[in-house]
Every structure is written in C-alpha cells, then in structure tokens.
Amino acid sequence: MSGALGRIRLAALLATGFIALRLVYAFLFAGLGGNQVLLKLSKVSLGGPFRHITLFGDVSADGILRNVELALPFALSILVFGFISAFITPAKLQKASGKVQPLRNLLTALSISLAALPGVLAATKEANWARRIRGEKRLSVLVPILERMVQRATAVGLELAKSNPQDLKSATLQVNGFELPGLGPICCEVTPGEVVLLSGDTGSGKSTFLQALSGELWEHHGRKNAGSISLGEMGIDSLAASSYVAMVPQLPQQSFIAETVAEELGPKGLAGHVMGVAALSQKPVHSLSHGEAYRVAIARAVSRKPALLLIDEPSAALDSAGIEELKALVSQLSSSGTTVIIADHRPELVGITGATRLEISGGALGEPEPRTIKQPALRKVVVGRDQVAKLSISSVGAEAELIRNVSLSLNQADCAAITGPNGSGKSTLLRRIAEPRPDELLIHGSEVVGPEPRMVSLVPDRPSQFFVTDSLGNELTRADKVAGVKSGLTAITLESILGKLPDLETHPLDLSVGTQLALGVAMQLSHKPQLLLLDEPVQGLDPASRELMAETIRCVQETGCAVLIATHDLDFAKRLTNRVFEISGCELRELSGVRA
C-alpha cells in the first residue's frame, strides 16, 4: 500500500484489527459478560499454576460495547497517525524540527516513525520470504523482523540527521591516531579535491574507517574510537559534527525515506542528472534493484554538495556502464574541490587519473604493496549427460514485465551465468526460480512448485536476510540443524570459502558484506541442493576470496549439482563457464564466443 490513500487504508486496517483483537482477547479470558446475554457459554477454569485464569463465559451486547469503548482510543490514535503519515512527510517534519526548537526531539522522533512505518511491512515480507528459501520454521522470522525494524529506524534516523549539510569549501581532512581494536592507529591527511582509492582484504576495516570519517561510528554503530578526525576546523566525532560529509553505504536500501525515487531525491536531486536516476524517478524505492538503489544513493549524496564524499564498494553494485558514469562524476567533483574517498576491493575498476592509492593491511593504512594474485586455471569439471533442471517461464516481473519466454536447461555439474545491466531483472529471475509456479521447473524430471531448498537453494544478494541468531557460531550450528546434516559441516564450508573462520562470537550482522555472502553460501550448501542459485556471489570479496569462491563453486559442481549465477561481473562469469546469458530488451539471450 503506497501513497496517501494506501497509508490511510493501512491505518484503518490496523485500527480495525486492534479492536478485533481486543474482542478476541476478552472472549478468551471471560471478559464479554454482561446483562444483555447474546451467547451463553460455560466458564472453564484452568488448574495448577494457572488456576487463577478463567476462559470463555457469556457473550453479551454490553460486554462487547464495553471492550470496543476500551479499544477505541487506541484505534483512533492509529487512524490519526495514518492520516498524519499520509499528508506529512518525514522530510517536512524534520525540516520543521529545525525551526521549532522546543518540539525538535518530538518532531524528529515522529519523522523517524513515519519513515520507518513502510519498512515494517517490507521487513515482514522479506523475512517470510527468506524463511521459506532457507527452510526455516515460521517462528524464526520474529527476530529478523525486529532486527530489520531497528535497522530501518536507525538508518532513517541517521539519514534525517545528515540530510541538511552545511556548505564548506577547501577543507583538509586530517586523521590523527584513529584506532579501534584490530584497526589503527591511522594518521593521514587528504587535501581538498583529492581522490583516494582505498583497498584492503575482506574484513580489513575499510567500511569501518569510512563510517568513522562520516561521523556515524559511535552514535550509529556504537563503536568508540581513539584519536581524532577533523575536516578543516570542524572535528568529526558525532553526527552533529558531520554536516559536511555524505556517505554512500554498500547497502543503501535501508536508508531511503520516501516512497518513490522522485520523492527521495526531490527536484534538486533529479535536476543534476546524476547516474541516470531521472529514468528511475517514478519507481517505488522498494522495487529498486541493488544497483539502481546504489545509483539513487550516489545522486542523493551528491545533491547535498558535501565537502567530503565517501563511497563504499561501488564495483559490487554497479554494472560497467555505472562504473564509467561514476568515474566521470568523481572527476567532475574533484575538479570543483570535493574530496572523494572510494573503498573498493578492486580499485583498478574505478581507476581515476591522479587518484591516491591507499590500502588497509594488518590494521595499518599505507601505500598498497605490489602483489600478484594468482589466478590459476580452474580444474575442468566434466558436465554429465543427465538433465538436472529444465526451466520454462513465460513472464518474469512484478510492477512491470522484466523478462519473457525464459527457457533454460542445466545438466549434472553444469554451470551457467546470467548477466545484464542494473535493473534488468537478474535477481528477480533467480527469486522466481527459487519459488517456481506450476509447470515452470523440473528437477531430475520431477516438478518443483514453491520453495524446496533441498532441491533448489538460492543465496540472495543480501544474505543477511537469512540470519536469525546473535552470533556466527550459533548461526553455523542452526544451519546444520535446519539442513539436517552433521554438526560442523556449514563451518567447514565457510572456512573453505574464506580461508579461515572469523570470530565465532561476532554478530552475523556485524560481519563485512563479503563475509556475510560467504556465510549465506555455506548455509545454503548445507542443504546439498540439486540446483544452486547464486546472486552476485563475489560482491564484497577481495581477489583472494574471489578465487576461493570460484573453487567452492567448482567443488559444488563436482557433486553433480548444477549452478546458475547472476552477476554483472562478466570476468568472473567467464572464469567459470562459457554458458553466459544476457538479459536485454526483456529477452534472455545466450552470448556467443565466451571462453571459460
């Protein structure tokens, strides 16, 4: 439900539901009795420690009316809130909070609540989808829903707090003794207009360092660092002091405030014609692909004209055209005096003439050491003659048709890749294959309908949707239990992908994006599926981890499992297979001349 009318309808539905739940509660616990009896039922008293509880009893007209009256104030509050959310946007409330100082905290809290409300339904929908794909029980979605709601609220709060940057010119960034456990001390100076390409291994601390430079590390992420960071004369030690900084995170979807791209960016953001976002202006933000969302986040950050722009892992989200657009944009910003720091595992992809190269290694920041990542030829896998999967889908898409007449077959140990520009429908297609409808998918000649992870397992581009526990160790143990395999199997798989296991006490959501991806792959492989679907399987991975991921896929193939990969990284696809399909013009076409 989107738009003003949709929010009013949602509020009315919630208000009605609250009254209905109140009546059900009263009926169960003997609370509908009165003088005008409509239905006479015997009371049931529980025994033992529950002997003080009485169930059922008479149902009366005055009892119903009494409970409706008790629920009415709360229902009316829900309706009022719905009307407010329909006509007053979070951005307007936040702007008002800056002018009405006595009500600043109240208006800010209300604006966060309004912006986070649509995320409640989205979080519930996504958590239920992830549960089905993982083969989890229904109760397992409660923790993810609550965590996603908190994430959404804090991300929105962060975005609102930094939505009105101040103008600052010719500011030098100075870092003096920045230090966290395992990272630093770091000292560096970046001059106005300088472009820095920051590299480092998966989990080395690149994103953490950018979070510190943005001023959000302590207040938003709860991590206190030593040392100081300043931009010109302004010390960046909190959100309040980071008004000159804009950051594009790896996963920007959580921080969107409005319902459409046009509302999110506003006339100012769209007028800049940055990253081709004008073509996305009417799309709901929840329907954006990862790459499209990243483009919108870049345009939003640039529209604020920050003195310092921080960009985290652009090559993991953008296709080749998007990378070229980003290069041109960064060069333009640099020439106008904006300092730009880009963290990426493959800085050569976003190479910009004159950029400074730095690397975080062993917790220290310095010039990158020359290193050669061996890219040995992957051992050949013999593709079997028996067909594993036969796919036939007439149409794929939600709001609009993205792909039509999809026909594809995979044999034992086969591997195929699907590529295409941002928003072409790669992720949507994999999701559809993971939850096929009747007459769409055959696995070893048997029809598969709906999610069956032991037959078809999908690792989405955001595998954090799978996580339901509070530590990596618990997540690995739970994955073994859900898949019904020997204890420790998932941990062994994860170690084979990463080279070594991270700290098992780490919360899964605190892992780097690349490590979360590896964990998602290990969890789904524990099902020993016949068809494995991988959505952007190397995003956030350093070159060494990319090779380990390629070796893992080879090992999966050797079990006879077929593998289908969706990626905009054509080089990685070519490493694994010569069967590469491209989505273009709503058609899935096989590319010719591809060499594995």
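## Helices, strands and salt bridges in a predicted model

The protein chain has an accessible surface of about 27,600 Å², 56% of which belongs to carbon and sulfur atoms (Shrake-Rupley method, 1.4 Å probe; for residues, only the protein chains shown count as cover). This is a predicted model, in which local features need pLDDT of at least 70 and side-chain atom pairs count only at pLDDT 80 or more, while totals for chains, interfaces and linings use all residues. Residues are numbered from 1 along each chain as its sequence is written, and side-chain values use heavy atoms, leaving out hydrogens and water.

Student: Happy to start with helix H6: how many of its eight residues are buried?

Tutor: Good place to begin! Helices are DSSP runs of H or I with at least four residues, strands are E runs of at least two, and both are numbered from the N terminus. Buried means under 20% relative accessible area, exposed over 50%, and partly exposed in between (1.4 Å probe, protein chains only). Helix H6 spans residues 206-213 and is largely enclosed by the rest of the structure, because the number of buried residues is eight of the eight.

Student: Which residue meets the side chain of lysine 206 in a salt bridge?

Tutor: A salt bridge here is a side-chain nitrogen of Lys or Arg within 4 Å of a carboxyl oxygen of Asp or Glu. Lysine 206 counts as buried at 6% relative accessibility. Its partner, at 4.0 Å from N to O, is glutamate 313. The two are 107 residues apart, with lysine 206 in helix H6 and, in the loop between strand S11 and helix H9, glutamate 313.

Student: How many residues apart in sequence are the parts tied together by aspartate 569 and arginine 346?

Tutor: Their side chains meet in a salt bridge of 3.0 Å, N to O. Aspartate 569 lies in the loop between strand S22 and helix H15, and arginine 346 in the loop between strands S12 and S13, so the pair ties together parts whose separation is 223 residues.

Student: Is glutamate 324 buried or partly exposed?

Tutor: Glutamate 324 forms a salt bridge with lysine 327, with the closest N and O atoms 3.4 Å apart. These residues are three apart in helix H9, which means a separation of about one helical turn. With a relative accessible area of 47%, glutamate 324 is partly exposed.

Student: Which residue in S24 stands opposite glutamate 582?

Tutor: Strands pair if DSSP finds at least two bridges between them. S23 and S24 pair in the antiparallel sense over four bridges. Opposite glutamate 582 stands arginine 589.
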